[in-house]
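Subject: Structure handover

Hello,

I am passing a structure on to you, with notes on what was found in it. Please look at the structure before you read the notes.

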Amino acid sequence: MARENHPSKKSRTTVPVVSRAATQREAAAKAKKTQKARGERMGRMDIVGLSVILVVVLIVLLTIAVPLRNYYHVRSETARLQQSIAAKQAQKEELLNEIDKYKSEDYLEQEARRRFGVIAEGETAYRIMDRRMNPDSTVTTNKLDDVDERPWYEILWGSIAEDEDVSATGSTNSDPGSLPVTPASPSAGPENPPAAQ
């Protein structure tokens, strides 16, 4: 079999120069078009990609912001409650100390002496009399003697009006058993005791 010449087949040795240059121009034009289209797509992709990244960052920030706000709120509330607990514990300690004071025998004896005039066995009680005191008045009164016949509004007005004894003596103390507020006269000093009446 001899070599047959096929018109459709080109031989390897013959390369058309014109067709290679045209093919290179076509390829370059195609490359420019694809590069331009790719550049436009990249420009569009850059804007879309940038907006997607921005949205993702905002979503992440929002999901982090709420727990952070809650965390700092809980922290401040915890600090406030710890201060409150410390204050309440200090108040509790003060009240327990006060209860212990009220339960002690020394305090009870002191208050009995101060409030009720109680004296211990073997002690002598002294009462200091003042000349300005009425000798007929006693520390205690009979409840029936203390009934006031005035109407209630006069009693109320009298309780808020200035007392007549205050203007005369200058003292607001109406208890006859207590010491006067004004200084005593020089003749009634310890060197010259007042004469008994």
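The notes below go through the helices, the surface, the aromatic rings and the salt bridges.

This is a predicted model, in which local features need pLDDT of at least 70, side-chain atom pairs count only at pLDDT 80 or more, and totals for chains, interfaces and linings use all residues. Residues are numbered from 1 along each chain as its sequence is written, and side-chain values use heavy atoms, with hydrogens and water left out.

Helix α1 and the coiled-coil record

Helix α1 covers residues 17-103, and Y71 lies in this helix. Helices are DSSP runs of H or I with at least four residues, strands are runs of E with at least two, and both are numbered from the N terminus. An unreviewed UniProt entry lists residues 78-105 as "coiled-coil region". UniProt positions are given here in the numbering of the model, feature names are shortened, and annotations may be inferred rather than shown by experiment. In the model, residues 78-105 are 96% helix and 0% strand, with 43 Å between the end C-alpha atoms.

Surface patch and aromatic rings

V48, V52, V56, V60, I64, L68, Y71 and Y72 make a nonpolar surface patch of about 730 Å². Patches take residues with over 30% relative accessible area and no salt bridge; nonpolar side chains (Val, Leu, Ile, Met, Phe, Trp, Tyr) are joined within 5 Å, like charges within 9 Å. The areas come from the Shrake-Rupley method with a 1.4 Å probe, and for residues only the protein chains shown count as cover.

Y71 is partly exposed, at 45% relative accessibility. The terms are: buried under 20% relative accessible area, exposed over 50%, partly exposed in between (1.4 Å probe, protein chains only).

There are 3 aromatic pairs in the structure. Y71 and Y72 form one that is edge-to-face, with 5.2 Å from centre to centre and 70° between the planes. W152 and Y153 are also edge-to-face, because their planes stand at 85°, with the ring centres 5.9 Å apart. Rings of Phe, Tyr and Trp (its six-membered ring) pair if their centres lie within 6.5 Å; planes under 30 degrees apart count as stacked, over 60 as edge-to-face and the rest as tilted. W152 is exposed, at 63% relative accessibility.

Salt bridges

The count of salt bridges is 5, each being a side-chain nitrogen of Lys or Arg within 4 Å of a carboxyl oxygen of Asp or Glu.

One of them joins R113 and E109, at 3.3 Å from N to O. Both residues lie in helix α2 (residues 105-116), 4 residues apart, about one turn of the helix. R113 is partly exposed at 31%, and E109 is partly exposed at 44%.

R113 also pairs with E123, where the closest N and O atoms are 2.8 Å apart. E123 is partly exposed, at 36% relative accessibility. Through shared partners, E109, R113 and E123 are joined into one network.

Another salt bridge links R114 and E111, at 2.7 Å from N to O. These two lie in helix α2, 3 residues apart, about one turn of the helix. R114 is exposed, with a relative accessible area of 57%, whereas E111 is buried at 12%.

Regards
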